[in-house]
Amino acid sequence: YYLVTGVLLLRFFGGLLQIYRLKSSGKIENKEGYFLIKTNKVHLPFSFFNYLFWSEKSVFTEDEEEKILRHELTHIREKHSLDVVLVELLSIFLWCSPLIFLYKNAIKNIHEYLADAAVLQNTQTRQYGQLLLKQSQSGIRIAQANNFIHSQLKKRIIMMTKNKSRQHSLLKYVAMLPIALVLVLILSQKD
């Protein structure tokens, strides 16, 4: 247990060190509500707490930059990095529980769905999906960071194209609650 925990802690601090080195080597611009760090290394745009890391070697159109920026600013405003770090630390110390890894993946997916939804308020789903596909093949992913591209790309695209459930669907579930409660009471009675 201690050996695996030690290795995972080293990996975690290695990821933090990698982010710190990128920050130290980049040009920092103070923006409204965040710091933009322009680096000369090749990597995908990502955010970590109030820092948005952008590679100067990336080639985006102005429209693509605006979409990526809106996505990353959603991560920054909603403090997703705090969740990522806390879940990462939990997974280090509770690595022997498979549930922690399911929870970790669910948290990352939810963060991406929320950031995607913020972009889709002003963007067509097809355009944004094409941008995600285009960027999924390039750049280096940084550990512990909120990346514009996450490995669950297919799930993200499916979530973007889903129709939102209406109140009618919600009423069906609410109507099932009394029935489920009655069944629990009946089945829990002793003979």
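The following exercises, each with a worked solution, concern a predicted model.

**Exercise 1.** Determine whether Ser55 is buried or exposed, and identify which backbone atoms its side chain reaches.

*Solution.* Begin with the location: Ser55 belongs to strand 4, which covers residues 51–55. Next, consider the accessibility, where the cut-off for a buried residue is under 20% relative accessible area; Ser55 has 2% and is therefore buried. Finally, once neighbours within four places in sequence are set aside, the contacts of Ser55 are Thr39, Lys41, Val42 and His43.

**Exercise 2.** Describe how helix 2 and helix 5 pack, stating which residues meet.

*Solution.* Two packed helices are described by the angle between their axes and the distance between the axes. For helix 2 (residues 62–77) and helix 5 (residues 125–135), the angle is about 85° and the axes are 11 Å apart. Because angles of 65 to 115 degrees count as roughly perpendicular, helix 2 and helix 5 are roughly perpendicular to each other. Helix 2 contributes Glu64, Lys67, Ile68 and His71, which meet Gln127, Tyr128, Leu131 and Lys134 of helix 5; by class, this contact has three nonpolar, two polar and three charged residues.

**Exercise 3.** Compare the span of helix 4 with the expected value, and name some of its buried residues.

*Solution.* Helix 4 (residues 98–120) has 23 residues, and the distance from its first C-alpha to its last is 33 Å, close to the 33 Å expected at 1.5 Å a residue. The buried residues of helix 4 include Ile100, Ile107, Tyr113 and Val119, and among them are also Lys104, Glu112 and Asp116.

Conventions
Residues numbered from 1 in each chain as written. Predicted model: local features only at pLDDT ≥ 70, side-chain atom pairs only at ≥ 80, totals over all residues. Heavy atoms only, no water. Helix = DSSP H or I, 4+ residues; strand = E, 2+ residues; numbered from the N terminus. Buried < 20%, exposed > 50% of the residue type's maximum accessible area, 1.4 Å probe, protein only. Contact = heavy atoms within 4.5 Å. Axes fitted to C-alpha atoms, helices over the stretch in contact; angles between N-to-C directions. Parallel < 35°, antiparallel > 145°, perpendicular 65-115°, else oblique. Nonpolar A, V, L, I, M, F, W, Y, C, P; charged D, E, K, R; others polar. Expected span 1.5 Å × (residues − 1).
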